[in-house]
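Subject: Structure handover, with notes on salt bridges

Hi,

As promised, I am passing the structure on to you.

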Amino acid sequence: MDKMLQQIVKHFGVCEIEEKGIWRPLTMGNFKDDFKKRNNRFIAEPKCVEYLTEKGILYTRYGFDALFDIPRDEFLKIPPHIARTPDYVAFSSKAVFIEVKGCHDILRLKEDDMKAYDWWQEIMPITMFIYSTTVKTHKLIAYRNLREIALEGKTGRYPDNNKLYYEIPWDTI
């Protein structure tokens, strides 16, 4: 296993062994799955770490990985803006929050998340790192720009909790 993948495995603990000792990141859940299943397999965050590392961008984990550490019922006790803390802070000419999202060919951005991002955006700019498992690549976009795209698009609701989300086709990002 190469050094970068070892760092990703150590950081996330989300890889599994395939045959012949080949390691690969776990895949994403489907938007129709319940909360736990949607959030128990990651690929976007390791891809973000890989990108930041390859580009030599200094970063630190900022948001907490509550999905591994805290039972869902306990997590829901945290005030929404704190529970939706951006994932990373990256440093270049200035510091920015990085929020990581994964999708297939449509990003579903929750209205509740957007309310929190609006709040965090007042503190420091947010850059969205979005990874598509369909196209197998990522895009970076300022949250304020993604927000504009989202508000012009279609909406839907998650079947398990009826929460509103905005559908953002990959090719519009």
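Below are my notes on the salt bridges.

Please keep in mind that this is a predicted model, where local features need pLDDT of at least 70, side-chain atom pairs count only at pLDDT 80 or more, and totals for chains, interfaces and linings use all residues. Residues are numbered from 1 along each chain as its sequence is written, and side-chain values use heavy atoms, with hydrogens and water left out.

Taking a salt bridge as a side-chain nitrogen of Lys or Arg within 4 Å of a carboxyl oxygen of Asp or Glu, the count is 10. One of them pairs Glu45 with Arg61, at 2.6 Å from N to O. These two partners come from distant parts of the chain, 16 residues apart: Glu45 is in helix H3 (residues 44-54) and Arg61 in strand E3 (residues 58-61). Helices (H or I, at least four residues) and strands (E, at least two) are DSSP runs, numbered from the N terminus.

Glu45 is buried at 6% relative accessibility, while Arg61 is partly exposed at 21%. Here buried means under 20% relative accessible area, exposed over 50%, and partly exposed in between (1.4 Å probe, protein chains only).

Asp113 and Arg84 also form a salt bridge, at 2.7 Å from N to O. They lie 29 residues apart, with Asp113 in helix H7 (residues 111-121) and Arg84 in the loop between helix H6 (80-83) and strand E4 (88-91). Through shared partners, salt bridges join Arg84, Glu99, Lys101, Lys110, Asp112, Asp113 and Lys163 into one network.

Best wishes
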